[in-house]
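Here is a friendly tour for someone meeting this protein model for the first time. Have a look at the picture, then read on.

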Amino acid sequence: MKSLTAGNLEDCLLNQVDWRRQWISQIVEEVQKVVHCLTTEISYRDLRFQAVPYSDTYNGNIKVLAPSQFLVTVPVKGLAGYREAKEQHWRYYTLQGTRLPCPLRDPEGLEQWLAVEQFMKSLWQWHEADVNIEGDIVPAKVLQVFRKLVENAIGTCHLSGKVSMLANRRAVCVAVETSACQVEVELAPAVEIPTVWSKKAQWPPCLKRWPSPERVECIKSFGFTLLACSNYHWQLSFLQAEQVLLEQLDEDGGCRRKCFQVMRQMKEDHWCPGKRPVITSHHLQTVLFWTCEKYPRLKDWQIFSKAFLRLVRKLHKCVSQHFLKHYFVRKSNLLQYANWGELDAVAQKLAFFLKDPHISLP
């Protein structure tokens, strides 16, 4: 056991972080080869879906939520010139085509409707009944089409021994066998909306020192994405904007990113391990952004041990209260649908650590 204040602890932890980076890089390399192969075949069969590009460096379409849990955004094409909906109206349709006596519930938090008329240009295929109901592009219908394409592509690409569909999931998920472990990959069709910032993201609030106004404009220029992962509503995502914010954290020489990496390492090794953890790297990243906003000055990020414990205290507060606001869409709780029992177990481990900040190192 080593105390957080031990002189060589930071080096030991960073060695683990470096080993993790190499290990994850190998897994990402294997997963992206599979994803590129599958989506290339899918784009050939249905031109509404694009191939996920292969990259020798960072791949913005792949988000590592945990070592064995990835989110991959699969861009759609044929939709351009997005505009916010001017008028809201009730929807009475069902996925089966029948009419409801009462309207469907309105979108909440990170959700929104998506009508084909919100695009200045659209391929005629987006007007087809396989994905469209009464002018809406319906996520569940898109997923139904996409799931069949993925199933067929696994066979066509001769990947049946390496990739398998995961049943009983609303999203399209596959299990990919890599040399290190089995990875659960969610393949989410994504409508990318560059240069436009969502009206739901009322960010930043007034009189905040972090990030700078220049950085805010840069981040907003990346726009947002709509993911198909539920029945009727599309889910707002800001993965690219978040990545830019994460990459530019320490231009003043602080230790924000280092604190995040060590917290992620501790989460995966001690506080919340497992194949489908209730707390993912995206939750930790959101905790980091909130803490950076509250403590914008360099002096708060110069001493690693103090900055790290401050970050862990914020994580503990969010997990114990089952409440973590999305950084950009602040009316949305990222832990709203999480298992409370699992959250409480993580909160207890965090409380023990904060009471006596010692770490077991191999």
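H7 and H8 cross in a left-handed way (left-handed if the near helix is turned anticlockwise from the far one by less than a right angle, right-handed if clockwise). Helix H7 spans residues 304-321, and its axis comes within 9 Å of that of H8, at a crossing angle of roughly 150°. The two are therefore roughly antiparallel; angles under 35 degrees count as roughly parallel, over 145 as roughly antiparallel, 65 to 115 as roughly perpendicular and the rest as oblique. Axes here are lines fitted to C-alpha atoms, for helices over the stretch in contact, and angles run from 0 to 180 degrees between N-to-C directions. On the H7 side, the contact includes Phe308, Leu309 and Val312, and on the H8 side Leu343, Val346 and Ala347 are among the residues taking part. Contact means heavy atoms within 4.5 Å. By type, the residues of this H7 and H8 contact divide into 12 nonpolar, two polar and one charged. Ala, Val, Leu, Ile, Met, Phe, Trp, Tyr, Cys and Pro count as nonpolar, Asp, Glu, Lys and Arg as charged, and the others, Gly among them, as polar.

A word on what you're looking at: this is a predicted model, where local features need pLDDT of at least 70 and side-chain atom pairs count only at pLDDT 80 or more, while totals for chains, interfaces and linings use all residues. Residues are numbered from 1 along each chain as its sequence is written, and side-chain values use heavy atoms, with hydrogens and water left out. Helices (H or I, at least four residues) and strands (E, at least two) are DSSP runs, numbered from the N terminus.

H8 (residues 340-355) also packs against H5 (residues 256-271), with an angle of about 110° and axes 11 Å apart. That pair is therefore roughly perpendicular, and H5 passes H8 in a right-handed crossing. Met266, His270 and Trp271 of H5 meet Val346, Lys349, Leu350 and Phe353 of H8. Five of these contact residues are nonpolar, one is polar and one is charged.

Now for the domains. UniProt lists two in an unreviewed entry; its positions are given in the numbering used here, feature names are shortened, and annotations may be inferred rather than shown by experiment.

Most residues other than glycine have a negative phi, and most peptide bonds are trans. Yet the bond from Trp203 to Pro204 is cis, with omega near -5°, and so is the one from Trp210 to Pro211, with omega near -10°. Pro204 sits in the loop between strand S11 (182-193) and helix H3 (213-220), and Pro211 lies in the loop between S11 and H3 too. Thr195 is also found in the loop between S11 and H3, and its phi is positive, near 70°.

Is Thr195 buried or exposed? Thr195 is exposed, with a relative accessible area of 64% (buried means under 20%, exposed over 50%, partly exposed in between, with a 1.4 Å probe and protein chains only). His322, in the loop between H7 and H8, has a positive phi of about 55°, but His322 is buried, with a relative accessible area of 12%.
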